[in-house]
Amino acid sequence: MLQDLAAAGSHPLADTAARYVGLLPLLPLAGFLVNGALSLMPAYKAGPADPSTAGHGHEASAHAGDARAGDAHAVTHGDEHGAVGDDHHVVARHKYAGVASVVGPLVLALSFGLAVMIWLAMAGAGEMTTPYVQTFFDWMVTGDLKISWAFQLDQLSMIMVLVITGVGTLIHIFSIGYMRDDPGYPRFFAYLNLFVAFMLVLVLGASYLVLFVGWEGVGLCSYLLIGFWFSEKANADAGKKAFIVNRIGDFGFLIAMFLLFANLGTLDFTSVAAAAPTLGYNSALVTTICLFFFLGCAGKSAQLPLYVWLPDAMAGPTPVSALIHAATMVTAGVYLIARSGVLFAMSPTACITVAVVGTLTALFAATIGLKQWDIKKVLAYSTISQLGYMFMGVGTGAYAAGMFHLITHAFFKALLFLGSGSVIYAMHAAYHHTGSHEDAQDMRNMGGLRKYMPVTFVLMWIATLAIAGVPPFSGFFSKDGILSAVFARAQHGALSEATWLGMPGSAVLYALYGLGLVTAFLTAIYMTRMMLYTFHGPNRTGEAEQAHLHEAPWSMTGPLVVLGVLSAVGGWLNLPVAIPLGPIGVLEKWLEPVVGAATVAVGGAVGEEVTNTEYGLIGAAVAIAILGIVVAVVKLRPAALVPKRDATPSHGFEQVLEDKYYVDEVYDDTIIKPLVSGSRNILWTGIDRGIIDSLFVNGSAVLARGVGWVGSQLQSGETGAYAWAIAIGALAVLGAFTFR
Amino acid sequence: MQDFLVQINYNAWILPALLLIPLAGALVLLVTGSLSSDDGTLEGAPSARMVALLVFVLEFVVSMGLWWSYDPAGSRWQATYDHWWIIPWNARLSLGIDGISLMMVLLTTVIMPLAVLGSWTSIRSKVRSYYALLMVLTTGMLGVFVSRDMLLFYVMWEIMLVPMYFIIGIWGGERRIYASLKFFVYTMAGSLLMLVGILYLWNASSVGGSPATFDYDQLLTIAHTHKAALWLFGAFFLAFAVKVPMFPFHTWLPDAHVEAPTAGSVILAAIMLKMGTYGFLRFAMPLFPSAAMTPWVRTTILTLAVIGIIYGALVAMVQPDFKKLVAYSSVSHLGFVMLGIFALTLQSVQGALMVMISHGISTGALFLLIGMIYERRHTRLIEAYGGIARVVPLFSTLLVIVSLSSIGLPSTNGFVGEFLVLIGSFRTHPFFAFFATTGVIFAAAYLLWAIQRILFNALDKPENEHITDLNARELTMMGVLVAAIFWIGIYPQPILRRMEPSAALFVRTVTTGQANVRTAARGDR
């Protein structure tokens, strides 16, 4: 505590804008409160004082005398009936939509402005080796457990704050247009604001527990936003699934915290970092802690085997998919590992496990992405796959590379999602005009959209080239950073010398590198496929609908343009030594004070000179990306595609991919159904009602009644029977005394 | 505030006053009208319920002084009161609170006005008797929490049963007779052995010519043989385990909860379930530390606690009746309390106390909400609803918030208690804590599934389309509880601070077996 104060007092950020770090999440929180109130206000119509005697709403409002409130009520709810289905729009703006569209994005913009000011202060402060910690007040202090509400700013959290508030602002602005006619408009902005508030708590928390507040908080918002159109059971199901699967991960997070506290007596990042060596290098304990943290990451960042919630999460409005399920929340696991670099650096076993799981997830999800027809599902599996790359990076101790890919991915994947949103918006409007009920998200119903939406078309190609890893777009640099780091770790450093499940670490990492390249190839194919089917070839939307297909308004394409620029040039953030097109490794140097030591501990010191191997690696990455695109262009025939309603089912392995390897079905049959039916039939009707209640509780009552009945039979009132009983009793007593 | 309280000599009269105010209120209701008027309308109710509300608000306001008058540094009795009672047996009306009692008393006085508001329009017959019974019940409950005399404690313990028996049996649902009888016999059977135990202690306290006593502090100093301690612990255990309720002594709870009227369920869950865990904290463990510390006893109880957590959650998941679901969720939550108490670390015990408070607030709120929707639709079956979030947004918002607090989302009250229990238990019993932690997954599963089926999905039942949303009275009640949910979730420190010395004393007393509280109390802090 005193240390914190002393550190804060002398800290270079002490008298800068960093003082107001608390406002970063408080601004969006205020937005949440305002928008939340707006969303409930038209609904508020005091119920009758005696709810059981008053008739039903009908009559009550008929003689309520407050016709206006009654009308507003009816309009809102009447229209929400229409607001079902995927990204469906009805034409009825919310009464307070105007206020919400100012408040929602404004608080984000203010938060972003503050973040930029803090960043300038941090950049101007020169060398900053310790985090700036601000403690607000005690949360849980009891005995030797001391947990406070405290935020910490360092280079790592700064990067995250900029991404969250920056990309968040763009997505909020996009949502003004996208959600325009949704009857739940203020509610949408309320949830989105709340999400950003929790996300900022997540990255600013100065201890694992404050981070956990954000961690679970963003999960809550994800739940609320996936199920935003809750009248459709599938959407509500998807929200619930996301929350529960995430809770499985959170279980791991909690156990890891308990282990940390039981062994180190603290959960603060700085104290954990200081005390971590006592856990013992590569000890079973530190590996266990890391793996339980990673279980949390697997839940939040949708890695094997807990990725199943993310594809379903596409049930939420598309801006949500862009912000939460691509750019920010799902990367929290990557952030957590970078944040816990000190711990992971002590356990090569855990590091390799993270990298292996990340790589397998990347490959696995990419194969599924090859055969999806829903444009958002392609992007969802692509996100899972790209998150796998990030874990490949942070797993091999290439924290800067992992974070770099996190940033560029935030740009290009947000762009892809918003672009797909713009496509869906156009498709929807077209189908809405003609009253058709075709699937607006199925690529088989699209095709040739480049004619109708040129801006979206160009921007999405930029993002596609970026994610495919074509230079000079951002994804090329960040993916190459990860792959070459994996290759370098296979050659030398702690991981290459470690053994993992009996295998030499070096061999494992070479294999991961190979699989990473294969994934890159698949990435190029499925992304090109998506672009070909959506924008190229003939249009399959329908004769009548074509007239209504058009580009989204500027409030929506504007944010896309910004993201397009960032996706294109984002690579300059962290240029490799081999490609000196500007300052080298800016991001790596920026993050050095936070993750530098852990990076060296895992990967060993990296030389500054460029080797031929490095050029070879870069060449291979570029070649494979271009090969993927060429293969897709040559092999795929958008012209031969038929609309969804005419499509024939695929067969063989294609069908397996289309059905996502049946993982959901397997989970359902092996875990969920047995658990529910076991709880119902064994625990409840069997044990609770059968054994405990019937046998013991009511059984003892029956027994008591039975004993009473026997007793009552003895009291027959017949003197003869009594005489017999006395005689036999007396004989028995006498006998007992005699033969004792 | 403190000065004012000293000036009015608050500490000297507050505890007897808290016991007498509800009794006086009941008396007022008795003398001002007929208790048996029963025409199924609210005729005569306005005055009775208003009297009840005033009495409980007065009780609450008066009790709030304890928050400031209680010295957080103290670990033992404050605001003590002592008066002769049954002279031949040396039983006295001796009252007092420590940090644990303090929070239980305040929980009671906060919940009771809400229970009255929750009955406001739903109780339509024998209204006078109903509110009179609520008041007598309150005296009984508060008496349990403030007694320093074990006979007085026992009397209060049994007194509470009677009003609750009638509340369930008269104003309950269809199977109210079965439920009330089960409730009464179940808990009564449990407590009779405790009476034997108390009498044994009374007898044992008379050594060397000193008169026998029921005084708790003196009984605490008696040394028992290990065998005697085990038997005595067993007698107390049964009484408290039924009340908690611990698996497998819990089956009275779902029936009682489901059949009780709203206020009955609220009081049962929020306050009366805490009697059992309070009994362990105050009596069973400090009086017989050697029994409580016996490894097989501890292991057995910890095992039952963890089974309760998981079993309660799984059984809750498959309940078709929302009230029953919440009842089984109580079994799960109280499992956390028992785990925390028997893990015997400062954090786990503090956590257990926090869960006791939080469960009172969250589950009380859940039962109130169920009561509100029941009044409108006359069914508690989950499948009778669906999609009503669109019809009753205020109700839905509140149900979501309260459910999240029950799930234990960080920054709500539910998290603080569960987290402290788990992190504390993990230090001494990682194996049990590990399995208990899976409870966080199951809690999310059963509550989210239930609220989805009630609030979300398609609005496909026409009778749900015109449910009216909450009125001002209902919003006020929920406002109080929601404020408590976030206050405790974000800034529980004032509560933790007040309980800590008493919790620490408890841990020390049980783990060291050193029962001389007077010196321990001095040495504390």
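Are B:Arg76 and B:Asp98 buried or exposed? I looked them up, and both B:Arg76 and B:Asp98 are buried (under 20% relative accessible area; exposed is over 50%, partly exposed in between; 1.4 Å probe, protein chains only).

Ground rules I noted. This is a predicted model, where local features need pLDDT of at least 70, side-chain atom pairs count only at pLDDT 80 or more, and totals for chains, interfaces and linings use all residues. Residues are numbered from 1 along each chain as its sequence is written, chains are lettered from A and ligands numbered from 1 in the order written, and side-chain values use heavy atoms, with hydrogens and water left out.

Chain B pair. I found B:Arg76 in a salt bridge with B:Asp98, closest N and O atoms 3.5 Å apart (a side-chain nitrogen of Lys or Arg within 4 Å of a carboxyl oxygen of Asp or Glu). B:Arg76 sits in the loop between helix H3 (45-69) and strand E1 (78-86) of chain B, and B:Asp98 in the loop between strand E2 (91-97) and helix H4 (99-119) of chain B, so the pair ties together parts 22 residues apart in sequence. Helices (H or I, at least four residues) and strands (E, at least two) are DSSP runs, numbered from the N terminus.

Chain A. I checked A:Arg444 and A:Asp442, whose side chains meet in a salt bridge at 3.0 Å, N to O. A:Arg444 counts as buried at 11% relative accessibility, and A:Asp442 counts as buried at 3%.

Tally. I get 23 salt bridges over all chains.
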